[in-house]
Amino acid sequence: MTKLTLGAHPYMLGFEQLERLLERSAKSGNEGYPPFNIEQTSGNSYRITLAVAGFGEDDLSVTVEDRQLVIRGRQRDDSEDRVFLHRGIAARQFQRSFVLADGVEVGAAVIENGLLHVDLTRAEPETVVQTIKINRGSKS
């Protein structure tokens, strides 16, 4: 039995990269921390919101790496001078990755009230019609 892939389909030329993106997003982990929302804010824009209570601006980083939005959080452990009777708020690090389609650009990142908002926009591709000249082959 053969595995049918996008790249193997005769009418789907050049979609090998899409297949690699799907595989990479499946491997990016399904850990539930921190919780997040993705909303469509207009026809061509989106907002990712992560619940990052306890993280400050200096504890967070937002980067784009190889068409992937990567959001990392790392809190400093300042508990050395403190004595906890109960510690229910974990100071743990996280990494969340989102695969971006071609044409999706990351805009502003804003933190407010324990929520990190990252705005994305998608550029509308131009419709291009190209006429290819047919040349006559030479007779050998």
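**Close-up views of hairpins, salt bridges and loops**

**View 1. The hairpin of strand 6 and strand 7.** Strand 6 and strand 7 form a hairpin in which two residues lie between the strands, and N113 in the turn takes a positive phi of about 50°. Strands, like helices, are DSSP runs numbered from the N terminus (a strand is E over at least two residues, a helix H or I over at least four). The model is a predicted one, in which local features need pLDDT of at least 70 and side-chain atom pairs count only at pLDDT 80 or more, whereas totals for chains, interfaces and linings use all residues. Residues are numbered from 1 along each chain as its sequence is written, and side-chain values use heavy atoms, with hydrogens and water left out. The two strands pair in the antiparallel sense over seven bridges, where pairing requires that DSSP finds at least two bridges between two strands. Within this pairing, A109 stands opposite V118 in strand 7.

**View 2. The hairpin of strand 3 and strand 4.** Strand 3 (residues 60–64) and strand 4 (residues 68–73) are paired in the antiparallel sense over five bridges, and S61 has R72 in strand 4 as its bridge partner. Three residues lie between the strands of this hairpin, and D66 takes a positive phi near 55°. R72 also forms a salt bridge with E65, with the closest N and O atoms 3.0 Å apart; the term denotes a side-chain nitrogen of Lys or Arg within 4 Å of a carboxyl oxygen of Asp or Glu. Both partners are partly exposed, E65 with a relative accessible area of 33% and R72 with 29%. For these classes, buried means under 20% relative accessible area, exposed over 50%, and partly exposed in between (1.4 Å probe, protein chains only).

**View 3. Salt bridges of R47 with D119 and of R67 with D102.** Three salt bridges are found in a search of the whole structure, among them the one in which the side chains of R47 and D119 meet at 2.7 Å, N to O. Because R47 lies in strand 2 (residues 45–51) and D119 in strand 7 (residues 115–122), this pair ties together parts that are 72 residues apart in sequence. R47, at 24% relative accessible area, is partly exposed, and D119, at 23%, is partly exposed as well. In another salt bridge, the side chains of R67 and D102 meet at 3.9 Å, N to O. R67 belongs to the loop between strand 3 and strand 4 and D102 to the loop between strand 5 and strand 6 (104–112), so this pair ties together parts that are 35 residues apart in sequence. R67 counts as partly exposed at 24% relative accessibility, whereas D102 is exposed at 59%.

**View 4. D59 in the loop between strand 2 and strand 3.** D59 is buried, with a relative accessible area of 12%. A polar atom of the D59 side chain lies 2.9 Å from the backbone nitrogen of G56. When neighbours within four places in sequence are left aside, D59 is in contact (heavy atoms within 4.5 Å) with G54, R72, G73, R74, Q75 and R76.

**View 5. A90 in the loop between strand 4 and strand 5 (94–99).** A90 counts as partly exposed, at 48% relative accessibility. The C-alpha atoms of A90 and D77 are separated by 9.9 Å, the two residues being 13 residues apart along the chain.

Notes: A polar contact is a pair of N or O atoms within 3.5 Å; within protein, one must be able to donate a hydrogen and the other to accept it, and residues adjacent in sequence count only if both atoms are side-chain atoms.
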